[in-house]
Amino acid sequence: MDQYCVMGNPVEHSRSPRIHARFAELCGQPMAYGRRLVPIGAFAEGIAAFRSEAAAQGDTARGCNVTVPFKFDAAALAQHTSERATLAQAVNTLRFEADGSIHADNTDGIGLVNDIVRNAGVPLAGRSLLLIGAGGAAAGVLGPLLDAGAAHVVVANRTLDKAIALVQRHAALALRHGATLEAWALDDVPGDFDVVVNATASSLAGDAVPVRAQVLRPGALAVDMMYGPAAAGFMAWAEAHGAVARDGLGMLVEQAAEAFEFWRGVRPPSAQVLAELRASLA
Ligand code: ATR
């Protein structure tokens, strides 16, 4: 049987095994998907162990998802890296090819885009978008947000230099799409936006939402990339200021759907699995 897994540290909280098991069941794909705790600093060894243990069981390791803190190590290990993963400087999906080489991708951004456009029904083409944060989470989604046609994109971060660096790295892509792309400090963000995405860890720390409420256009979509209690503060703030709030559960399922298709060549029914996951968490 083909084996997949999610590798991280910590990894026990990951919902990926459950999501992929359901995708496999609904698509009739014979595969197993586990989770592997990998010691910090030993990512390459973790991959080698996964492949040899699968082989010892008479199975074949075909790929894995990669979570914190290995998204950078995973990029270094691959022979082929997609353009979006290169821009993100992070990898969340690896595919092991028959010739032994490794293909790397980052499906976080397209997962967010698909959740916004398909699940929330909010088009991104021609719209204005504020991305709050300039860390790994923000870097993973900026390219696909531009690819989706957002016409005016602002990246705002507590540390302005990091927002500037992220914007500079994406300047050519923005130009290719005819989009404006700017970096601002949190307090100085000018104007209001159709879509506001929170990619900071501020809610986790219990801190206040780090931007003025005026950034929310009436009826704007406000998405926190986290879900559960970690997203609650941002979502309550957005709703209190007339926005439609959304957590990151849809992004989680959609990034998994992209990875599943990258591996299996089959598109899983992600909206159904998202509805099931939401119902089970309610
Ligand atoms: P991740 O991979 O989750 O993005 P990260 O790379 O450490 O983690 O980035 C965390 C992001 O949250 C950064 O944009 C960080 O801002 P700085 O670059 O200024 O550190 C942002 N962040 C974390 N805590 C915050 C807070 N209390 N207020 C505002 N921004 C915060």
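Me: Which residues in helix 5 meet helix 10, and which residues in helix 10 do they meet?
Reply: In this predicted model, Asp108, Ile110, Gly111, Leu112, Asn114, Asp115 and Asn119 of helix 5 meet Gly250, Met251, Glu254, Gln255 and Glu258 of helix 10. By class, the residues of this contact divide into three nonpolar, five polar and four charged.

Me: What angle do helix 5 and helix 10 pack at, and how far apart are their axes?
Reply: Helix 5, which covers residues 108-119, packs with helix 10 at an angle of about 120°, and the two axes are 7 Å apart. Angles of 65 to 115 degrees count as roughly perpendicular and those over 145 as roughly antiparallel, so helix 5 and helix 10 are oblique to each other.

Me: Is that crossing left-handed or right-handed?
Reply: The crossing in which helix 5 passes helix 10 is right-handed.

Me: OK, what about helix 10 and helix 11, how do their axes cross?
Reply: The axes of helix 10 (residues 249-264) and helix 11 (residues 270-281) come within 10 Å and cross at roughly 140°, and these two helices are therefore oblique to each other. Their crossing is right-handed.

Me: Which residues make that contact?
Reply: From helix 10 the contact takes Leu249, Gly250, Val253, Glu254 and Ala257, while helix 11 brings Ser270, Val273, Leu274, Leu277 and Arg278. Sorted by class, the residues where helix 10 touches helix 11 are six nonpolar, two polar and two charged.

Me: Changing topic, what domains does the chain have?
Reply: The domain assignment gives domain 1, made of 2-106 + 251-281, and domain 2, which runs over 109-247. The C-alpha centres of domain 1 and domain 2 lie 26 Å apart.

Me: And how many residues of each are in contact?
Reply: Across the two domains, 14 residues of domain 1 are in contact with 17 residues of domain 2. On the side of domain 1 that touches domain 2, helix 4 (83-88), helix 10 and helix 11 each supply at least two residues, and the largest share, five residues, comes from helix 10.

Me: How does that side of domain 1 divide by class?
Reply: The side of domain 1 that touches domain 2 has seven nonpolar, three polar and four charged residues.

Me: Last one, how many helices and strands are in the chain, and what box does it fill?
Reply: The secondary structure comes to 11 helices and 12 strands, and the C-alpha atoms fill a box of roughly 60 × 40 × 35 Å along the principal axes. A compact globule with 282 residues would have a radius of gyration near 19 Å, and the chain has 19 Å, which agrees.

Notes:
Residues are numbered from 1 along each chain as its sequence is written. This is a predicted model: local features need pLDDT of at least 70, side-chain atom pairs count only at pLDDT 80 or more; totals for chains, interfaces and linings use all residues. Axes are lines fitted to C-alpha atoms, for helices over the stretch in contact, and angles run from 0 to 180 degrees between N-to-C directions. Helices (H or I, at least four residues) and strands (E, at least two) are DSSP runs, numbered from the N terminus. Angles under 35 degrees count as roughly parallel, over 145 as roughly antiparallel, 65 to 115 as roughly perpendicular and the rest as oblique. A crossing is left-handed if the near helix is turned anticlockwise from the far one by less than a right angle, and right-handed if clockwise. Two residues are in contact if their C-beta atoms, placed from the backbone, lie within 7 Å. Ala, Val, Leu, Ile, Met, Phe, Trp, Tyr, Cys and Pro count as nonpolar, Asp, Glu, Lys and Arg as charged, and the others, Gly among them, as polar. Domain bounds come from an automatic or database domain assignment. The radius of gyration is taken over C-alpha atoms; the globule rule is 2.2 Å times the number of residues to the power 0.38.
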